[in-house]
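Work through the exercises below with the structure open beside you. Each task is followed by a stepwise solution.

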Amino acid sequence: MMTFEFTNDALFSFGVGKIKALETKMITRPIFDQMAEGSLESIYKSIAEYGYSVNLEESILKSKKTTYDLVTHLIEKKERYHILSDLYLLQEDCYNLKNYLKSPKSPVLPFNPLGKISQKDLQEIVNNKRYHLFDKMDSEIAGYYIAQAMERSTPSGIDQMIDTLFLELSLKKIRQSEVDYLNVYFHDYVDLLNIENLLRFKFMKKDFSYFSQFYFHCGSLKKRFLEELYREKIEDIALRFRSKRYASVLQKTAEAWIKDQNLNSFEVEKDNYLNSLARITRLLTFGVEPIFGYLFGKETEYKNLRIIINGKQRKLSVDQIKEMIRQTYV
Amino acid sequence: MKIEVSATRMELLRLRKRLALARRGHKLLKDKQDELMRKFLELIEEYKKSRKQTDQDLLDFYKEYYRATIEYSEERLMALFSYPELELDMQSEIVPVMNLRLPKFQVKTNKEIKCFGVKDVNVGIDFSLARMKGFIPHLVKLAEVENNVKELALEIERTRRRVNALEYILIPDLEETIDYISMKISEVERSNLTRLMKVKEIVERH
């Protein structure tokens, strides 16, 4: 009897098809809007249809785990694409690392089970400087930033160092993967982070040296350029970015700031812009991009669910909740 | 007779001294009560102003904070705020008001309230915390004024009870007892006089 053996490429394409099928089960924007208009009871009924329970955080954790397992299975035989699972786990590990570094001066927080590094290994990394346990390939970078974080006595300093470590390692992995889309996404993400911090500290009336402590080097915006912007009005800052892909984010933020001295819209516009970047991946069939898009879409879904449920519990108006709901991936 | 005493001249003198003292005490307590009331009304105005300001500050803070943290899980928020860095330098002194010792606080906030990094942290959280840092001294001031109002109210109540006790019980009782003793002594004097006159009449008849 003849047997067929699928090639790795064929298996991967089949997996991407599966992802496309799963996308149809994601919550869409009209459904989120409908939820925002309903009562808390009706929201719980609606989300139950999508596999979420009344205990939202527990079901999000379960969903994250299922999604991660699925993605890992899909890219198992495509070594170049392991970057996705690596980045996914790296984010969770960095979260645990931050909490551990802060633990001598803060209450013990629950360990995030989604990470790659166990609690015991985390202790080994920090206490015995066994940085290779954090990242075998880049133990030097990990070691440098973890040591820097340990030297900083402030919580914001620890967070900043570990966030920089995450971004540096991510950039390195993205470059190695040679996936152009991820490179574009990453640079826009870091640039928007730097612009957000620039606006954050500028309007908190901090000087540029304070902002410098929170500057991320791995983006495409240079520090000197940002220093020039620091002295400018928000509408002029928006104009300086008019040739960039994310020009609309700054334009809308500037409009909102002039209207009610509020930077909240930046957050929403930033996420919507990144979402629009992620949505491009829906047009691609081959490659790691659709899987990345799906992961992004799931994260947006979790965020939107939290916005609706927290908003209802905090008795925010429907308009306020709708204003904060992010554009969905599907 | 309200006060159980023997109706003697000695007692009368003693009671008169007590009445004079009670009247002087009453006047002093009445003045104290008036002054406490004046201070109390001043403090109430300050309290109203401080309360209104703090309520508005808190409302603005919570509005901004709730909005900014809406997309975070409880665990993530715990992680953000688990390591607070802000330090309050609080100095207190005791200010005497009448017989009261009222505390007065001065608060200075040093270091930044920022206890987290900036990646994936909503700008609104920073803005709301900066707002909170600004109104911490107001919050402490409100607590101080509220405590002082309570202390003054208690003292006014105590003083009023004393004034009332003097005005409606002790002074009238003393006055009544003094009147009684005076009448009793006059009565004794009159009866003595009558007896003497009677004796004189008997002596003259024989």
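**Exercise 1.** Find the network of salt bridges that links Glu196(A) with other residues.

Solution. Start at Glu196(A). The network also takes in Arg200(A), Glu267(A), Lys270(A) and Asp126(B). A salt bridge here is a side-chain nitrogen of Lys or Arg within 4 Å of a carboxyl oxygen of Asp or Glu. Over all chains, 45 salt bridges are found.

Before going on, note the ground rules. This is a predicted model: local features need pLDDT of at least 70 and side-chain atom pairs count only at pLDDT 80 or more, while totals for chains, interfaces and linings use all residues. Residues are numbered from 1 along each chain as its sequence is written, chains are lettered from A and ligands numbered from 1 in the order in which they are written, and side-chain values use heavy atoms, with hydrogens and water left out.

**Exercise 2.** Why does the pair Glu323(A) and Arg67(B) join two chains?

Solution. First, take the contact: the two side chains form a salt bridge, 3.0 Å from N to O. Next, place the residues. Glu323(A) is in helix H16 (residues 318–324) of chain A and Arg67(B) is in helix H1 (residues 9–68) of chain B, so the pair joins two chains. Helices are DSSP runs (H or I, at least four residues), numbered from the N terminus. Arg67(B) has a relative accessible area of 16% and is buried. Buried means under 20%, exposed over 50%, partly exposed in between (1.4 Å probe, protein chains only).

**Exercise 3.** Which residues form salt bridges with Arg38(B)?

Solution. Step one: Glu35(B) does, with the closest N and O atoms 2.8 Å apart. Step three: Arg38(B) is partly exposed at 40%.

**Exercise 4.** How are the rings of Phe225(A) and Phe241(A) arranged?

Solution. Rings of Phe, Tyr and Trp (its six-membered ring) pair if their centres lie within 6.5 Å; planes under 30 degrees apart are stacked, over 60 edge-to-face, the rest tilted. The search finds 26 aromatic pairs over all chains. For Tyr144(A) and Tyr145(A), the centres are 5.0 Å apart and the planes at 80°, so that pair is edge-to-face. Phe225(A) and Phe241(A) are edge-to-face as well, with 5.7 Å between centres and 80° between planes. Phe241(A) is buried at 1%, while Phe225(A) is partly exposed at 23%.
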